[in-house]
Amino acid sequence: MPDASHTAPRQLDVAIVGGGLAGLYAIHRLRGLGLKVRAYEAGSGVGGTWFWNRYPGARCDVESLEYSYSFSNELQQDWKWPERYGTQPEILRYINHVADRFDLRRDVQLNTRIVSAHFDGKANEWTLRTDSGEEIHARYCVMAAGNLSTPRVPDFKGIRNFKGKWYHSGLWPHEGVDFTGRRVGVIGTGSSGVQMIPIIAQQAKHLHVFQRTANFSLPARNGPMEPERERRHKAEYPARRAAAAETPFAIGGYAKPTKKAIEVATEERNKAYEAKWQEGGSISYLYAYTDLLVNKESNDTASEFVRNKIRATVKDPKTAELLAPKDHPIGTKRLCLDTNYYETYNRPNVTLVDVRSDPIAEITETGLRTGKQQYELDALVFATGFDAMTGALREIDVRTSDGAMLRDHWEGGPLTYLGLMVSGFPNMFVVTGPGSPGVKTQMIASIEQHVDWIADALDHLGKHQLDRIEPTPKAEMDWVHHVNAVADSTLYPLANSWYMGANIPGKPRVFMPYVGGFDRYKKRCDEVAARGYEGFTLSRHDVVAA
Ligand code: N01
């Protein structure tokens with residue numbers, strides 16, 4: 001790591017934290033305003049999530065024709081996605097292509113972790129420090145550090161004693177891992193676990209899956225891209241993107257539901273679920289009826305349909321029952337998409353272990369011990385998730401000369417206005433953070449919408465000879481109440497999910513994403529801007545300080 005402590009501080013208009021999909025688009029968009037920008041990326045390459053999550057089977061669960069940038073029609077016409085859903089290597093290739101095509105790399109500093117960001121109110125300037133001691137000064141700061149970028153290995157007793165190799169899904173070795181002939185344990189059955197388990201099972205001598213909570217998963221029905229489908233989609237791309245922006249998930253192509261599930265006869269309903277099951281795709285399934293995420297009785301019908309599919313697939317009835325989720329309504333945790341997940345439990349070399357009834361007691365030198373049994377393992381895989389949504393920002397020491405610290409401000413749960421800014425922390429923007437619908441949508445659509453809004457705000461400031469923007473505490477509080485009220489009108493709070501911070505012991509239990517829908521959110525952001533940035537204080541720092 002270079003020692004930068006003796007070099008002169010770099011002076012920027014905008015410092016960007018993160019070189020993933022959000023950071024790269026921010027470079028492109030803000031450069032277009034003539035601003036001097038630079039992104040700081042901890043990894044040795046661009047790509048963020050898609051740089052780090054290289055576990056076997058890693059793939060996006062949103063279709064590739066949707067999960068891609070829309071800002072350049074030439075780009076979306078030129079790029080060829082080989083499959084219905086992009087694999088991790090393919091998406092990373094795409095991101096690298098974008099970085100080259102738009103000449104973004106010259107403003108990305110790799111292998112650089114931002115450790116602190118301090119705002120000096122008098123100078124109206126952020127000072128960021130890197131892990132090598134470099135200092136960066138910038139008027140504005142854009143936090144594009146990701147929502148699922150702080151991998152979490154639970155604090156199991158004895159983990160240091162394990163003589164085998166262990167891995168986390170979000171920190172996978174670049175050279176890959178060959179599990180052939182090995183006794184492997186996977187802990188965790190979220191989206192990452194569900195994707196890797198079928199692949200690891202094909203290699204391992206024996207695979208033990210340690211499941212604490214069963215998760216709903218639907219078949220992805222992946223396959224090669226159909227040329228006719230691609231041709232049609234590309235011919236209609238701009239209109240399709242516009243239509244997607246009018247939906248809650250920012251994903252187009254699905255007929256808007258018109259009926260409530262409870263209003264429909266059982267036979268008709270099951271026919272509809274079966275059609276969605278055959279079609280593949282999680283959003284499609286949850287979009288079958290209008291009320292699946294707000295009415296428990298309706299949701300029960302969709303949940304039971306999938307439980308019955310699991311029972312029909314998994315041959316051992318006891319294993320099937322353990323795999324059939326009963327503690328949360330379908331869709332209230334991230335609904336997984338898989339290829340042969342449930343089928344994998346019919347393999348003779350795969351054993352499901354219920355660590356809800358018999359929790360993991362410790363990791364031993366030779367494996368893992370629950371309260372009742374020792375499991376001998378050569379390798380352990382943690383598919384145990386992330387300190388989601390707030391983890392990346394809480395790792396950075398963010399504070400102001402007024403004595404405000406972001407960690408304190410967020411002690412009881414994250415507070416933001418529109419998920420975009422935090423009161424008391426001027427000129428610091430967050431991309432797809434808590435209070436934004438980002439993680440509940442096609443993420444790239446949210447990234448583009450947020451960054452465009454930020455760019456417009458900076459343009460507005462510049463044109464009006466202003467240089468400071470921050471939300472009022474009232475606007476922030478009102479937004480947080482609104483985010484909670486919307487969540488409380490849905491079934492989401494019924495699940496112990498990372499949306500609630502429930503996977504991190506001691507983390508405040510607050511529902512973090514905005515689940516009112518991308519369409520409503522975008523409209524609100526546009527209205528706020530059109531009304532002269534309602535809820536924000538815009539000023540000139542020399543006037544404020546006088
Ligand atoms: O993490 P998770 P993930 N003992 O938090 C278990 C996105 N993503 O990496 O539910 C035993 O969902 C935990 O159990 P429980 C997507 O948004 C997308 O899988 O807390 N088990 C759970 O089963 C996703 O939602 C894609 O009881 C423990 C698992 O570990 C998000 O990333 C692919 C435990 C963690 O599941 C995170 O997914 C992958 C313990 N102490 C990820 N601690 C696609 O696009 C945790 N667990 C397809």
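This is a predicted model: local features need pLDDT of at least 70, side-chain atom pairs count only at pLDDT 80 or more; totals for chains, interfaces and linings use all residues.
Student: How far apart are the end C-alpha atoms of helix 8, and what span should its 14 residues have?
Tutor: The end C-alpha atoms of helix 8 are 20 Å apart.

Student: Which residues of helix 8 are buried?
Tutor: R269, Y273, K276 and W277 are buried in helix 8.

Student: Where do they sit around the axis?
Tutor: On the same side of helix 8, because they cover an arc of only 105 degrees around the axis. As background, an α-helix has 3.6 residues a turn, so residues three or four places apart point the same way.

Student: What does that buried side pack against?
Tutor: The buried residues of helix 8 pack against strand 12 (217-219), helix 9 (282-286) and helix 10.

Student: And which exposed residues are on the face turned away from it?
Tutor: E267 and K271. Both are exposed, on the face of helix 8 turned away from its buried side.

Student: What comes just after helix 8?
Tutor: G280, which takes a positive phi of about 85 degrees.

Student: Switching to aromatics. How many aromatic pairs does a whole-structure search find?
Tutor: The search finds 36 aromatic pairs. One of them is formed by Y273 and F305. That pair is tilted, with 5.6 Å centre to centre and 50 degrees between the planes.

Student: Which parts of the chain does that pair link?
Tutor: Distant ones, 32 residues apart. Y273 is in helix 8 (residues 266-279), and F305 is in helix 10 (residues 296-313).

Student: Is Y273 buried or exposed? And why?
Tutor: Y273 counts as buried, because its relative accessibility is 0% and the cut-off for buried is under 20%. F305 also counts as buried, at 10% relative accessibility.

Student: Which rings are linked into a cluster?
Tutor: Ring pairs link Y25, Y69, F71, W79, W81, Y94 and F102.

Student: What lies over the face of F51?
Tutor: R54 does, at 4.8 Å from the ring centre.

Student: Which residues does Q88 touch?
Tutor: R54 again, along with W50, N53, A58 and R59. That list leaves out residues up to four places away in sequence. Q88 lies in helix 4 (residues 88-101) and counts as buried at 8% relative accessibility.

Student: Cysteines next. How many disulfides does the search find?
Tutor: Zero, over the whole structure. C141 is in no disulfide, and the nearest cysteine sulfur, that of C525, is 19 Å away. A disulfide would need the sulfur atoms within 2.5 Å. C336 is in no disulfide either; its nearest cysteine sulfur is that of C60, 13 Å away.

Student: Are C141 and C336 buried or exposed?
Tutor: C141 is buried, with a relative accessible area of 0%. C336 is buried too, with a relative accessible area of 0%.

Student: What about phi of T432?
Tutor: Phi of T432 is near 55 degrees, again positive in a residue other than glycine. T432 lies in the loop between strand 20 (428-430) and helix 15 (443-463). At 4% relative accessibility, T432 counts as buried.

Student: Where is G435, and what does it touch?
Tutor: G435 is found in the loop between strand 20 and helix 15. G435 is buried, with a relative accessible area of 6%. Its contacts include T416, L418, W479, M512 and Y521, not counting residues up to four places away in sequence.

Student: How far is G435 from D378?
Tutor: Their C-alpha atoms are separated by 42 Å, and they are 57 residues apart along the chain.

Student: Last one. How far apart are D519 and A244 in sequence and in space?
Tutor: They are 275 residues apart in sequence and 8.6 Å apart in space, C-alpha to C-alpha. D519 is in helix 17 (residues 518-530). D519 touches A245, E246, T247 and P248, not counting residues up to four places away in sequence. D519 is partly exposed, with a relative accessible area of 23%.

Definitions and conventions
Residues are numbered from 1 along each chain as its sequence is written. Side-chain values use heavy atoms; hydrogens and water are left out. Rings of Phe, Tyr and Trp (its six-membered ring) pair if their centres lie within 6.5 Å; planes under 30 degrees apart count as stacked, over 60 as edge-to-face and the rest as tilted. Helices (H or I, at least four residues) and strands (E, at least two) are DSSP runs, numbered from the N terminus. Buried means under 20% relative accessible area, exposed over 50%, partly exposed in between (1.4 Å probe, protein chains only). A charge sits over a ring if NZ of Lys or CZ of Arg is within 6 Å of the ring centre and within 35 degrees of the ring normal. Contact means heavy atoms within 4.5 Å. The expected span of a helix is 1.5 Å times one less than its number of residues. The arc is that of the directions from the helix axis to the C-beta atoms.
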